[in-house]
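Let's take a friendly walk through a protein structure together. Have the sequence and the 3D view ready as you read.

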Amino acid sequence: MNRRELIQCASILITGMASSSELWALSKDQKQFIDNKKAYGHAKRETLFGSRQRSIVANAAEAIIPRTDTPGAIDANVPQFIEVMVVDWLNDAEKKIFYAGLITLDEKLTNDDPTTMVTVLEAMEAEAKGAAWFDFGNINRIWDSEAPFICQFKELVVLGFFFSETGARQVLRENPMGSFNGDIPLIQSDTSYGNSTAIRSISTSDK
Amino acid sequence: MTTQFDAIVIGSGISGGWAAKELTEKGLKVLVLDRGKPLEHGSGYQGEHANNWDLPFHSLPDRENNQLNYPIQSKTYAFGPDNIQFWNNDRLNPYTRKDDQPFDWIRTDVVGGRSLTWGRQTYRWSEQDFSANRKDAQSIPWPVDYKEIAPWYSHVEKFIGVSGASEGLEQLPDSEFLPPMSYYALEKTIKKRLRKKLPNVPVTMGRCAILTKNHNGRSACHYCGPCHRGCSTGSYFSSQSSTLPAAKKTGNLTLIANKVVERLEHDETGKRIVAVHTIDTRTHERVSYTAKIFFLCASTLASTQLLLNSSSQAHPNGLSNRSGALGKFLMDHASVSHMGMFVDNAQTFYKGHRPNGLYLPRFRNNNGQDEDANFHRGYGYQAHMMRPDWQARFNTKGIGKSYKDSLLKPADYWIWVLSTFAECLPQEKNQVTLHKTNKDQYGIPQVAPSFSWGDNEKQLIDDSGLQASKIMKAAGAVFYQTGNRDGISTGGAGIHEMGTARMGDDPNSAVLNKYNQAHEIANLFVTDGSFMTSSSCVNPSLTYMAFTARACEYAVDQLLNDKLA
């Protein structure tokens, strides 16, 4: 299927709605794929995203880290990760920023075209350019509580993507165990290693 | 209920595990008590093979749970969702932390203690360290010298396996070594440059209790990285992997977990311990045990808590405290970090996760005072090499393929971090007392430490920043940032807390004698960090092991010759 269809398909997947011809026309394969998908939802709290929120989150995540010749955000279950993080991990003040930002994003989306999503996100990012989030070195903290919505969202996408199995193994590569060699050539195409310790867990410790 | 053993060891960590091994191997029936939960080697390490995505929140710190249940423990680099089972629940088992004299008590709540989570760096003390108090008169002299302890360092090193390189440095005596770990290309570059431009600053591979060859039935390291999760191949030293199995093999070991020791009871003479009174952590049931000799290895603060809580008419200020020194002269290593950015060797990479870094031994005030040093003693640096990845640059502009692609490759530079560990002078005002009213859930008075860094520590830290600038420049850093006293660690964060039951020849100024034996109670030995009379700048665990083994030999010899009555 082409990329537009993937995103539409994924939106339905994420919203948990049964395949419906009201919104998009799905092929038999796509319907099958959706119907076979396990039900989503294992967050602690009861207030989960609504179906519209899930759709926007999925499409926005995919816009930020798209499937290219390697898997993208939806392939890596990033939308589910974002939902759990927002519902269970962000504090009240951070949640407020997120939900307000999601509403703003929704309002700016005049259609379902994926290129519109990219344009809108880029515009939101340009608006946020003065934020401290962009400062060099502003990564040695567990979370930037002042981060505007677009920055929160990007960070959640990135964390959810590279700490996922798909991101770590199919986009990055796993560091082979067995021995240590600190002097091997780095080839142009070499990625960094996935499945490693979150630097922010160590760098924020009292030393 | 009372049961008879030859020896009781309180605590099963770095020193307790050694006491268990040495005493059982000498034929004694030994009971080891630990307040922590049981933990099986291998099968018990729940997070050992966890991937990021297997852990809650993809391994990101659980802020809410950490704040509620682990506000102190979550401060340490070694704490994470992958080993949360090891750590003390600060909400259920608090201590009294003073905001104006803060001390972070980092501790576990499992059999094996911090031998599971420690940094595994192992260094011998030198004669310079043992004689420092005597020479600069900052505190009472040690009752031993390096010559006496050297054979015991050898003894413990041969068993545990220490990898490292022989350097022939007086201030950092060589150990019985397995081959050292290998270098990053950039580390070779840095070492060459420093040898040329700063020949007075030695550089060596970190000496660590991680095997580079199979040793005593344990496997060499396979470089998977996160040792602090526990290692089922036994590639680093822990009680679980090494000393407890050796003790078990003798058939003389009884290990009982979930037992808090409330107090020690002495006989009517006040000179002999006769019983250990415990409280079960799950049922709060009280059980007492007796033995002929007692080894207190509960860790610095816990052992002193126990000695203080065992006060009686004969020992009104805590056991063996005629000197008044019990609880006093608490020390930790002061720490601060410095970082440098390097563009050399950017076309090289690595495979495997090396759980170690370079070590820069003390080069200040060696064999006398440096002319430009306004401080006593010295410090060393532990170095870490990192190649930043997406985690260091996700906070940039970009939506879509170009943003994604920009995050896939390693950065064009390396980051080299130097972490200072500075010696801490013993000060009387730095102390541990029992809180007058706060009790823990077992009714035991809470530990209440008071701690602040002295001028000497602050000056050592400042100097380490000054010297780090020179080092980074000579090493070829294109950019560097150094720390000073403004960034000094909180007391306790070094996780090298020592003192409060110091050893010395004179019972009027020390709690223990040269054999870790309580001056006033012949069958009581204290061999964890509490016995330390000064702190050196090197990681102390190897020294605890050596003194423990030596004290065990002495204690058994005394016991067999009826000298402990």
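## Where the chains meet

Keep in mind that this is a predicted model. Let's begin with chains A and B: 60 residues of chain B are in contact with 74 residues of chain A. The size of an interface is often given as the accessible area lost when the parts come together. Here, chain B and chain A bury about 6200 Å² between them, and 60% of that area is on carbon and sulfur atoms. Within chain B, the residues that lose the most area to chain A are Arg63(B), Lys351(B) and Ile399(B); together they make up 13% of what that side buries.

## Links across the interface

Next, look at the pairs that reach from one chain to the other. The rule finds two salt bridges across the interface of chain B and chain A. Asp183(A) forms a salt bridge with Lys188(B), and their closest N and O atoms are 3.1 Å apart.

Which elements of chain B give two or more residues to the side that touches chain A? They are the helices α2 (63-69), α5 (185-197) and α8 (401-406), along with the strands β11 (334-342) and β12 (348-351). Of these, β12(B) gives the most, with four residues. The residues on this side of chain B divide into 25 nonpolar, 21 polar and 14 charged.

## A nonpolar patch on chain B

Val343(B), Val478(B) and Phe479(B) make a nonpolar surface patch of about 260 Å². You can find Val478(B) in the loop between α9 (455-475) and β18 (479-481) of chain B.

## A look at Leu169(B)

Our last stop is Leu169(B), in the loop between β3 (162-163) and β4 (177-178) of chain B. Leaving aside neighbours within four places in sequence, Leu169(B) is in contact with Pro202(B) and Pro361(B). Gln459(B) is 290 residues away from Leu169(B) along the chain, and the C-alpha atoms of these two residues are separated by 24 Å.

Terms used. Residues numbered from 1 in each chain as written. Chains lettered and ligands numbered in written order. Predicted model: local features only at pLDDT ≥ 70, side-chain atom pairs only at ≥ 80, totals over all residues. Heavy atoms only, no water. Patch = residues over 30% accessible without salt bridge, like charges linked within 9 Å, V, L, I, M, F, W, Y side chains within 5 Å. Areas by Shrake-Rupley, 256 points an atom, 1.4 Å probe, with all protein chains shown as cover. Salt bridge = Lys/Arg side-chain N within 4 Å of Asp/Glu carboxyl O. Contact = heavy atoms within 4.5 Å. Buried area = accessible area lost by both parts, 1.4 Å probe. Nonpolar A, V, L, I, M, F, W, Y, C, P; charged D, E, K, R; others polar.
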